[in-house]
Amino acid sequence: LTGTAKQVDKPINMPFTGTVDCAIWLTIRSILLDSKIHGFIPQNTGLINPIKIYAPPGCLANPIFPAPTIARFCPGNQLADTVMKALAQAAPEKVSAGIGNLKVISFSGARPEDPSQYWVHMEIFEGAYGGRNGMDGMDAIDTLYANTRNNPIEDIESHLPLRVNKYELREDAAAPGQWRGGLGSVREFTYLADGGASVEGEGHIYKPWGFDGGADGETASLQLESDGSREDMYSKMPYKPAKAGSKFTAIGPAGGGYGNPLLRDPAKVLDDVEDEYITAAAAKEQYGVVLVGSKDEGYSVDHSATSELRAKRGGPIKEAV
């Protein structure tokens, strides 16, 4: 990591131990010792001894105390993604396309029935993985630092002044590829009392990268709707007050696609349409898959038209299976 920027007076510095080393070890392990191939392998020092990490003291990846580090997972995920992209040059069949980073959204406020008491809700808002050789990207999942569960809507609404209006996967956001990128989720909250939120996150500007002909994924976003106006918010944000009735919407990122979309099995494209991940129009535009039928009556693949369309676009003469 020689050449990494110097540490900053913002909470995005990464402790070398527990953030930087984990990001690098886990990424290399996922490439060289894929659990799908090798099965369960217990963590031990023998796995990490061959790996030497160079990070100059005082840089973003090896800060000197007292550097703020609370949002360390944001650059930590980007570091893992960078290592993955670098190693893709040597082992293209073993990597995944770009990831969409998760967020930590901390809602809080005074309790309406007793303003001397406070409530806090920490929302670990999922990201998404990119596609990989032989597998689509994982949808709506913690990325890299995965040691939490999502918060059930029933639990949130039972004891917090928040209403969850919406919790669903994004539609028409899956990055095309022979193996599509994973989808982020959408979660919309309404404040039932005055409160606010702070955010630690990443990924509002740069799309997760596609690989080997796969398309780039989609960025994330945050929106606050209040008094008839809507405001786009940053991925990293100090406490922002909100009035009762305001709506806070988190839209998760979508991971990058892997491989030429024209090589995707038409049956998988049809599955994505039936699951409402993409539309029939997107199936034709992005994958060269022609569907006949309707949403109400059901779709089927027109194999002849699909082969003809894909051939015109420079795809395979025969459909991939």
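Modeller: Two strands pair if DSSP finds at least two bridges between them. This is a predicted model, where local features need pLDDT of at least 70, side-chain atom pairs count only at pLDDT 80 or more, and totals for chains, interfaces and linings use all residues. Residues are numbered from 1 along each chain as its sequence is written, and side-chain values use heavy atoms, with hydrogens and water left out.

Colleague: What makes β5 and β8 a pair?

Modeller: Pairing takes at least two bridges, and 4 join β5 (residues 195-200) to β8, so they pair, running antiparallel. Within that pairing, A197 stands opposite K240 in β8.

Colleague: And why is β8 called an edge strand?

Modeller: The open antiparallel sheet has the order β2-β1-β5-β8. β8 (237-242) pairs on one side only, as does β2 (114-125), the other edge strand.

Colleague: Why does T306 count as buried?

Modeller: Buried means under 20% relative accessible area (exposed is over 50%, partly exposed in between; 1.4 Å probe, protein chains only). T306 has 0% relative accessibility, so T306 is buried. T306 sits in helix α8 (residues 303-312).

Colleague: What lies 2.8 Å from a polar atom of the T306 side chain?

Modeller: The backbone oxygen of D302.

Terms used:
Helices (H or I, at least four residues) and strands (E, at least two) are DSSP runs, numbered from the N terminus. A polar contact is a pair of N or O atoms within 3.5 Å; within protein, one must be able to donate a hydrogen and the other to accept it, and residues adjacent in sequence count only if both atoms are side-chain atoms.
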